[in-house]
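Here is a short tour of a protein model, written for someone who will have the structure open alongside. Let's walk through its pockets, a helix and some ring pairs.

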Amino acid sequence: MSEYAKVDFPRFTLHLHLFRHGETPPNAERRYPAPFEDAHLSERGEQQAKALRSRLSQIKARFGELDHVFCSPSTRAIQTAQSAGYPHFTIAPALAEAHFGVMAGRTWAELEAQYSQAQHTQTHPTHTQDG
């Protein structure tokens, strides 16, 4: 019978805080971003990013200084990090926005108009009676 050494690892707690970028003009228009569209924050988005600074001060008071800040390579995410008081961060390409395919560049209303009829046709097919 084999015996295994029992190893006690130090315990630690990881606090992970996720924040979305501030509003951009496409967000305000309820439009999915077009491929490679790198929208800047809107005026409202800048205000939201600055308000995040206040929220982060509450987090720091509870958990201490953030050890590291990661940011997507988008301009809006970088602007949000900087306006929130974090001029030093690591750009993480893995956090880049996904391509939205057929939805890219289109508003929610456009997509609803186009696809609600297709959905209705799929869920309520026309029945014909022979005879």
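For residue classes, Ala, Val, Leu, Ile, Met, Phe, Trp, Tyr, Cys and Pro count as nonpolar, Asp, Glu, Lys and Arg as charged, and the others, Gly among them, as polar. By that scheme, the lining of the largest pocket has 18 nonpolar, nine polar and five charged residues. Please keep in mind that this is a predicted model, where local features need pLDDT of at least 70 and side-chain atom pairs need 80 or more, while totals for chains, interfaces and linings use all residues. Numbering starts from 1 along each chain as its sequence is written, and side-chain values use heavy atoms, with hydrogens and water left out.

**Pockets**

- A pocket here is an open set of points on a 1 Å grid over the protein atoms alone, with protein on both sides within 12 Å along at least five of seven lines; lining residues have an atom within 4 Å of a point.
- The largest pocket has a volume of about 940 Å³ (the space filled by probe spheres set on the points, which are joined across faces, edges and corners).
- Of its 32 lining residues, His 17, Leu 18, Phe 19, Val 69 and Phe 70 are the closest to the centre.
- Helix H2 (43–63), strand E1 (70–71) and helix H3 (75–83) each give two or more residues to this lining; helices (H or I, at least four residues) and strands (E, at least two) are DSSP runs numbered from the N terminus.
- The second largest pocket holds about 290 Å³.
- Its 15 lining residues include Pro 35, Phe 36, Glu 37, Arg 76 and Glu 97 as the closest to its centre.

**Helix H3**

- Eight of the nine residues of H3 are buried (under 20% relative accessible area, with exposed over 50% and partly exposed in between, using a 1.4 Å probe and protein chains only).
- Arg 76 is among the buried residues of H3.
- After H3 comes Gly 85, with a positive phi near 100 degrees.

**Aromatic rings**

- Rings of Phe, Tyr and Trp (its six-membered ring) pair if their centres lie within 6.5 Å; planes under 30 degrees apart count as stacked, over 60 as edge-to-face and the rest as tilted.
- The structure holds two aromatic pairs.
- Tyr 32 and Phe 100 make a tilted pair, 4.9 Å centre to centre with 50 degrees between the planes.
- Tyr 32 is partly exposed, at 22% relative accessible area.
- Tyr 32 and Trp 108 have ring centres 6.5 Å apart and planes at 45 degrees, so this pair is tilted.
- Ring pairs link Tyr 32, Phe 100 and Trp 108 into a cluster.

Definitions and conventions:
On a 1 Å grid over the protein atoms alone, a cavity is a set of points where a 1.4 Å probe fits but cannot get out, and a pocket is an open set with protein on both sides within 12 Å along at least five of seven lines; lining residues have an atom within 4 Å of a point.
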